[in-house]
Amino acid sequence: MPRPLHSIALLTAMSALTIPAWAAQNIKQAALPQLAKPIAKQAIPYRPLAQRAHPEPESLAPAEPQPKWTGNGELGYASAHGNSTTESFNGRLNMKYADGFWAHSFDLFGLRATGEFTQTDDDGNSQLERRTTANRYTVNGNSAYLMDARGTINTSLRHEQDDFGTYSRQQSLSLSYGNRVIDSEKTQLDLQIGPGYRRTHHRLDDEEQAGPIARGRIGLKYSMSENTELVNTLLVESGDYNTFAQNDLGVSVAMNSHLALKAGWQARHNSNADDDRKKTDTLTTMNVVYKFK
């Protein structure tokens with residue numbers, strides 16, 4: 001083949017393989033969506049900073065203590081029959097409610113005893129009579145504001161009804177400052193002192209007396225062992241016409257997390273008593289205790 005004809009054939013073949021500009025532009029536009037699609041699937045969507053997950057400040061702060069009820073109830077009963085018949089019953093309910101800086105407590109105590117006695121009339125005839133020998137109940141309420149880890153401001157209310165005492169009714173209201181003097185793993189000692197006001201009703205004279213008082217309270221709790229606890233409470237209300245004092249001592253042995261046996265001794269004293277009444281009364285009990293948790 002002559003040389004000029006060979007050159008013309010080569011140029012013709014190269015022109016056939018060359019892509020026109022308009023065709024290349026169309027191919028580029030069609031390929032771009034296909035190339036961008038896999039990239040879009042892997043892209044992380046944009047989220048504003050305020051919508052991004054982050055720990056709330058409240059979740060980092062310690063949770064506030066929740067309001068809590070605690071308390072216990074105890075019952076004791078004794079009965080004797082034969083040459084003499086006597087029955088006695090005593091019970092106590094103690095409840096506490098703590099809510100933040102406030103702590104409230106309520107205590108209810110009741111005692112009732114009966115017995116049979118031989119009564120002889122003027123003709124010499126005798127018969128058995130059943131008499132009530134003790135009938136008393138006491139209600140105590142206290143509200144305490146926690147000033148710090150140990151100090152409290154307390155408002156206390158006490159009401160007592162006693163059918164066989166010098167004073168058939170005693171009511172008192174007081175405001176006191178309290179402090180936990182000892183607070184260890186085994187021992188807690190609380191003291192309260194402050195002024196108050198008392199109103200009483202004299203049983204024989206049927207008269208009302210009222211006046212200011214000074215009130216003091218000492219509360220001791222001591223863990224003798226893992227399941228044995230000693231508790232002692234002394235209350236004193238002193239005024240112009242009478243000084244009332246009551247001490248409650250108890251030793252309880254836990255049988256499980258809810259039940260315990262408790263031996264108790266109570267002494268009550270009124271400085272101003274009638275001639276036919278003793279100034280000091282004592283009560284010994286053996287009760288079953290149920291703890292509320």
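Tutor: A nonpolar core is a set of buried Ala, Val, Leu, Ile, Met, Phe, Trp, Tyr and Cys residues joined through side-chain atoms within 4.5 Å. Buried means under 20% relative accessible area, exposed over 50%, partly exposed in between (1.4 Å probe, protein chains only). This is a predicted model: local features need pLDDT of at least 70, side-chain atom pairs count only at pLDDT 80 or more, and totals for chains, interfaces and linings use all residues. Residues are numbered from 1 along each chain as its sequence is written, and side-chain values use heavy atoms, leaving out hydrogens and water.

Student: Which residues make up the largest nonpolar core?

Tutor: Five do: Phe-109, Leu-111, Ala-113, Ala-134 and Leu-283. Strand 3 gives the largest share, three residues. Strands here are DSSP runs of E, at least two residues, numbered from the N terminus.

Student: How many bridges join strand 3 to strand 4?

Tutor: Two strands pair if DSSP finds at least two bridges between them. Strand 3 and strand 4 (residues 126-146) have 19, and they run antiparallel. Look at Phe-106: it stands opposite Gly-141 in strand 4. The two strands form a hairpin with five residues between them, where Gly-124 takes a positive phi near 90°.

Student: Which sense do strand 4 and strand 5 pair in?

Tutor: Antiparallel, over eleven bridges, with strand 5 covering residues 151-162.

Student: What is the phi of Asp-206?

Tutor: Most residues other than glycine have a negative phi. Asp-206 is not a glycine, yet its phi is positive, about 55°. Find Asp-206 in the loop between strand 7 (187-202) and strand 8 (207-223). With a relative accessible area of 58%, Asp-206 is exposed.

Student: Which residues make the nonpolar surface patch?

Tutor: Patch residues have over 30% relative accessible area and no salt bridge; nonpolar side chains (Val, Leu, Ile, Met, Phe, Trp, Tyr) are joined within 5 Å, like charges within 9 Å. A salt bridge puts a side-chain nitrogen of Lys or Arg within 4 Å of a carboxyl oxygen of Asp or Glu. Here the nonpolar patch is about 830 Å², and its members include Leu-93, Phe-106, Met-255 and Tyr-290. Strand 12 gives the largest share, three residues. Tyr-290 lies in strand 12 and is partly exposed, at 37%.

Conventions: Accessible areas come from the Shrake-Rupley method with a 1.4 Å probe; for residues, only the protein chains shown count as cover. Helices (H or I, at least four residues) and strands (E, at least two) are DSSP runs, numbered from the N terminus.
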